Amino acid sequence: MYQHICLSPHFDDAALSLGGALAGWQAAGEPCLIVTICSAPPSGELNSFAAYLHERWGAASDPIAIRRAEDQAAAQRLGADLLFLEQHDAIYRHAAYDSAAAIFGTPIADDLLWTSLTSQLQALAQQYPNATWYAPLAVGNHVDHQITHGVAAKVLANLRWYEDLPYSARNNARDQRLAEVQPILDQVIAIDQTLAIKLASVADYASQIFELFGTVAAMEQELSTYAASVAEQGFAERLWRGGQV
């Protein structure tokens, strides 16, 4: 039975935002599950923005197969089990999500992810009634993160929010989101012993490194600097609870 279940809107969110804690819990004998929500391949013709992203990822032939394999490698490195919910990423799910401005804007009211994710999380909550759940604070306002945040808040008990990275490290986005949601600080988790595992797990997402950071060295520097800023000493990740939805 899983003690810790982390909701990851996309393939890399759990490793980026909570990889150190997940590795630590698993090493302490506390079983962890990563639930990757948007993990289904596109089912129709790509819009121009999705095609552009595929090209940037260097994974134009079968990007979802490549990203699923990356997710499996990262989860294995962290020691966590992995579950794909087979939902579509926003860029495949609705024609209105056709630009960076759209996917970092307000979710579409008739977005099917609201209802389908609600039913899936309700079923998982019944299956794992004693788990602690972790979901994105939705720093950066990606629509998939916003929907995951909103559905988790309504469906799940014993829920904590993680700080979405890399968005939390940039442009004062974390403080802006904290002001909107007004959650309560839950805990700061030392990851001194697991930071290296976290960084290696993020590097497993090779298709995303250029898009998010430019280079592996830049990723390691940015995530390490942020983890140091969270901790009084050493390195840490931070969790929140409650707040407005």
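These are my notebook entries on one predicted model, from the whole chain down to single residues.

**Ground rules.** The model is predicted, so I kept local features only at pLDDT of at least 70 and side-chain atom pairs only at pLDDT 80 or more, while totals for chains, interfaces and linings use all residues. Residues are numbered from 1 along each chain as its sequence is written, and side-chain values use heavy atoms, without hydrogens and water.

**Whole chain.** I looked up the secondary structure and found 11 helices and seven strands. Both are DSSP runs numbered from the N terminus: helices are H or I with at least four residues, strands are E with at least two. The radius of gyration, taken over C-alpha atoms, is 17 Å. The C-alpha trace spans about 50 × 40 × 35 Å along its principal axes.

I then checked burial. Buried means under 20% relative accessible area, exposed over 50%, and partly exposed in between, with a 1.4 Å probe and protein chains only. Of the 245 residues, 52% count as buried. Next came contacts, meaning heavy atoms within 4.5 Å. Among contacts with a separation of 6 or more, 80% join residues 24 or more positions apart.

**Helices H3 and H9.** I compared H3 (residues 63-78) with H9 (residues 195-203): their axes come within 8 Å and cross at roughly 170°. That makes the two helices roughly antiparallel, a label for angles over 145 degrees. Axes are lines fitted to C-alpha atoms, for helices over the stretch in contact, and angles run from 0 to 180 degrees between N-to-C directions. On the H3 side I noted Ala74, Arg77 and Leu78; on the H9 side, Ile197, Lys198, Ala200 and Ser201. The residues of this contact divide into four nonpolar, one polar and two charged. Here Ala, Val, Leu, Ile, Met, Phe, Trp, Tyr, Cys and Pro count as nonpolar, Asp, Glu, Lys and Arg as charged, and the others, Gly among them, as polar.

**His145.** I found His145 in helix H7 (residues 143-155). It is buried, because its relative accessible area is 1%. Its side chain makes a polar contact with the side chain of His10 at 3.4 Å. A polar contact is a pair of N or O atoms within 3.5 Å; within protein, one must be able to donate a hydrogen and the other to accept it, and residues adjacent in sequence count only if both atoms are side-chain atoms.

**Asn47.** This residue sits in the loop between strand S2 (32-38) and helix H2 (48-57). At 19% relative accessibility, Asn47 counts as buried. Its side chain reaches the backbone oxygen of Tyr97 at 3.4 Å.

Most residues other than glycine have a negative phi, and most peptide bonds are trans. I went looking for exceptions. Glu86, in strand S3 (residues 81-87), has a positive phi of about 65°. Glu86 is partly exposed at 39%. Asn171 lies in the loop between S5 and H8, with phi near 55°. Asn171 is exposed at 71%. The peptide bond from Leu165 to Pro166 is cis, with omega near 5°. Pro166 is in the loop between strand S5 (159-162) and helix H8 (173-181).

How values were computed:
Angles under 35 degrees count as roughly parallel, over 145 as roughly antiparallel, 65 to 115 as roughly perpendicular and the rest as oblique. The radius of gyration is taken over C-alpha atoms; the globule rule is 2.2 Å times the number of residues to the power 0.38.
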